[in-house]
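I opened a notebook page for this chain. The entries below follow the order in which I looked things up.

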Amino acid sequence: IATILDHVPKDFKVILRHRKGTIISDNFLKRKFQNLAFSSNNSIYDDFELDPILISYSSTTLMEGKMHGLRTICFDSFKSNLNFLSSKLFNDVKKLPSRYNYYINSSKNLKEYFKLLK
């Protein structure tokens, strides 16, 4: 989360969809990341209607997002080579297509990705 917030353009809104009852509480996340918004939608599909860029590490939300035609990023800041859904490697991309499913495994490439969004 910190890496994404460090590189996302300032005029972008980052919304976290956080499952209740996990070992990391909403209160902890809200204290740690004060510029992070939290989804208040009951259904993930309500979030999808906003046409987000869905960024996750290894979540079924990537599968659902891809299935619904969202722009998805599998972001592996740990460089573990866990390419969820065998997404296309984001490397030397000059222009983003309207819909995509990329795998990004470095802060440098994440920064380059966000530059293309402007």
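Is D51 buried, partly exposed or exposed? I looked up its relative accessibility, which is 32%, so D51 counts as partly exposed. The cut-offs I used: buried is under 20% relative accessible area, exposed is over 50%, and partly exposed is in between, with a 1.4 Å probe and protein chains only.

**Ground rules.** I am working on a predicted model, where local features need pLDDT of at least 70, side-chain atom pairs count only at pLDDT 80 or more, and totals for chains, interfaces and linings use all residues. I number residues from 1 along each chain as its sequence is written, and side-chain values use heavy atoms, with hydrogens and water left out.

**Two positive phi angles.** D51 sits in the loop between α3 (44–48) and β3. Its phi is positive, about 55°, although D51 is not a glycine. I found K79 with a positive phi of about 55° too, and K79 is not a glycine either. K79 lies in the loop between β4 and β5 (88–89). K79 is exposed, at a relative accessible area of 56%.

**Whole chain.** I counted five helices and six strands. These are DSSP runs, helices being H or I of at least four residues and strands E of at least two, numbered from the N terminus. The order along the sequence is α-β-α-β-α-β-α-β-β-β-α. The radius of gyration is 14 Å, close to the 13 Å that the globule rule gives for 118 residues, so the chain is as compact as a globular protein of that length. For that I took C-alpha atoms, and the rule is 2.2 Å times the number of residues to the power 0.38. The C-alpha trace spans about 40 × 30 × 30 Å along its principal axes. Of the 118 residues, 36% count as buried.

**Cores.** Which residues have the most contacts inside the largest nonpolar core? I noted I73, F90, L96, Y102, I104, L110 and Y113, in a core of 19 residues. Elements giving two or more residues to this core are α1 (2–7), β4 (71–75), β6 (101–104) and α5 (107–117). The largest share, three residues, comes from α5. A second, separate core has seven residues, including F48, L54, L70 and C74. By nonpolar core I mean buried Ala, Val, Leu, Ile, Met, Phe, Trp, Tyr and Cys residues joined through side-chain atoms within 4.5 Å. Nonpolar side chains tend to be buried together in soluble globular proteins.

I then listed the contacts of I104, leaving aside neighbours within four places in sequence: I73, C74, F75, D76, F90, N109, L110 and Y113. Contact means heavy atoms within 4.5 Å.

**R71.** I placed R71 in strand β4. R71 is buried, with a relative accessible area of 18%. Not counting residues up to four places away in sequence, R71 touches D51, P52, I53, L54, S98, R99 and Y100. R71 and Y100 are 29 residues apart in sequence, yet 5.0 Å apart in space, C-alpha to C-alpha.

**Two serines.** S56 is in strand β3 (residues 53–56). S56 counts as buried at 16% relative accessibility. Beyond four places in sequence, S56 touches T61, L62, I73, C74 and F75. S106 is in the loop between β6 and α5. S106 is buried as well, at 15%. Which residues does S106 touch, not counting those up to four places away in sequence? I found F75 and K79.
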